[in-house]
Amino acid sequence: MGDYRRIADRIADDIAAGRLAPGEQLPTQRAFARRRRIAVSTAGRVYGELVRRGLVVGEVGRGTFVRAAPVPSGRALAEPSALAPVNLELNYPSAPGQSELLAAGLAPLLRPETLAESLRTASAEGTAAAREAAAALLATPGWSPAPSRLLFAGNARQAVAGALASLVRPGGRVGVESLTYPLVKDIAARLGIVLVPLAMDEEGLRPDALAAAHRGSPLSAVYVQPTLHNPTSLTAGTGRRAELAATVRQLDLPVVEDRIWSFLHEGEELLAAFAPERTHVVDGLSKRVAPGLTAGFLVVPEGRQEQVARALRSGGWTAARFALEAVVRWTGAGTVDRLVTAKRADAERRQRLAARHLDGFAVRADPRAYYVWWRLPAPWRADTFTAAAARHGIAVTPGPAFHVAGSRSGPAAGRAGVPQIATAADAVRLGLASVPPPELARALRTLAEVARSAP
């Protein structure tokens, strides 16, 4: 077993010394085995070890290449980048006049008599006022959560962690879209959960893929983003949601439905409306309002409140009382509604910029979303393009950051006719929310010029 690691060490030394350059293609595993006089199976282990170390990237149908840029960690997608002045990884929208609106809502909390109460600790159940406010905020025309089923976390990521920790034991398997929110991969790794990639089509997660994976080896739960899926911005229709609900009922599987971006999609129907008895709905304030003072919302099925609350407490994931008091005031004053209206209009403006400057490229987008999924023109790959963008001072997220191990990511992935959905190796996600529009326009123009040039 140690032999293949020693060979991998020598390849790693060659990469570090520049003898193997970024973007350089390695021999096929069979050719590598002949050259090194080792078994093909050992060559496979060497290449697997190099992929595990993040030194190379394997692309189905194309080969194995020395990585030109690292796949961002979860931190890179949640915190500002110090390496590129224009950050299209981070994606937190801000509306004009947002600070003034938020300050007005917080002013009553700063009175001494109110502040003392606001600085007390809060339970996972929050307060009665916070539950009422959150239930009103989350309600849609087809779904209205009972306040008694609301729990609170510090943010939506912690709400996802609490839901999964309450549902899945270490070693358990959770089905996810083949491209998924990168921080969910980090959460799963910390909880000892195995993510199982499920095939997607034009409406997101395919029910037949979910059923097949469960038959192969039982799943413990499903994590899904049916509205404005990140990174592809796909949205499931009513028929698909009903089909997914029927599938999880038939398989007796619980669901974690992430709707963190769904506030941009007016009138969307939740999966929870079709399967309320098994769906855990996750949402939060970081995108609607601001990332610095936020709360995560978790609507749980009837009878699961205590199990999920226990998971939130044990993980240290409960919300701060001050944040819950802010939720009550911002919701009651209509502040959140005004910000949502402004951000919907802002997202549409930024999508128009992307459509103008990336015209002619293979870009998947929704006019309501704050991101686009860009399938790069050959011979660009995600890592070489990310490195080239960084040299121009622009941070983008390479497709492999969203790729779930075990899923196919090459040109043949997905159903016939829609391979671009599941392709990660030659795609990048551009977050449109976090830089001012003039700066965004300049960055998009620069990226288009880079894409038209040779690597």
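This is a predicted model: local features need pLDDT of at least 70, side-chain atom pairs count only at pLDDT 80 or more; totals for chains, interfaces and linings use all residues.
Which helices and strands do the buried residues of α14 pack against?

## The whole chain

The secondary structure of the protein chain comes to 16 helices and 17 strands. The chain's radius of gyration is 23 Å, close to the 23 Å that the globule rule gives for 455 residues, so the chain is as compact as a globular protein of that length. Along the principal axes, the C-alpha atoms fill a box of roughly 75 × 50 × 40 Å.

Contacts tell us how the chain is folded together. Take those between residues at least 6 apart in sequence: 74% of them join residues at least 24 apart.

Of the 455 residues in the chain, 56% are buried. The chain exposes about 18600 Å², and carbon and sulfur atoms supply 53% of that area. As for charge, there are 56 positive and 41 negative charges, and their mean positions lie 6 Å apart.

## A closer look at helix α14

Helix α14 covers residues 335-357.

The buried residues of α14 include Val336, Leu339, Val340, Lys343, Asp346, Ala347, Arg350 and Ala354.

Now for the opening question. The buried residues of α14 pack against the helices α5 (98-106), α7 (128-138), α13 (321-332) and α16 (437-452), and against strand β14 (371-375).

Methods:
Residues are numbered from 1 along each chain as its sequence is written. Side-chain values use heavy atoms; hydrogens and water are left out. Helices (H or I, at least four residues) and strands (E, at least two) are DSSP runs, numbered from the N terminus. The expected span of a helix is 1.5 Å times one less than its number of residues. Buried means under 20% relative accessible area, exposed over 50%, partly exposed in between (1.4 Å probe, protein chains only). Contact means heavy atoms within 4.5 Å. The radius of gyration is taken over C-alpha atoms; the globule rule is 2.2 Å times the number of residues to the power 0.38. Accessible areas come from the Shrake-Rupley method with a 1.4 Å probe; for residues, only the protein chains shown count as cover. Lys and Arg count as positive and Asp and Glu as negative; His and the chain ends are not counted. The place of a charge is taken as NZ of Lys, CZ of Arg, CG of Asp or CD of Glu.
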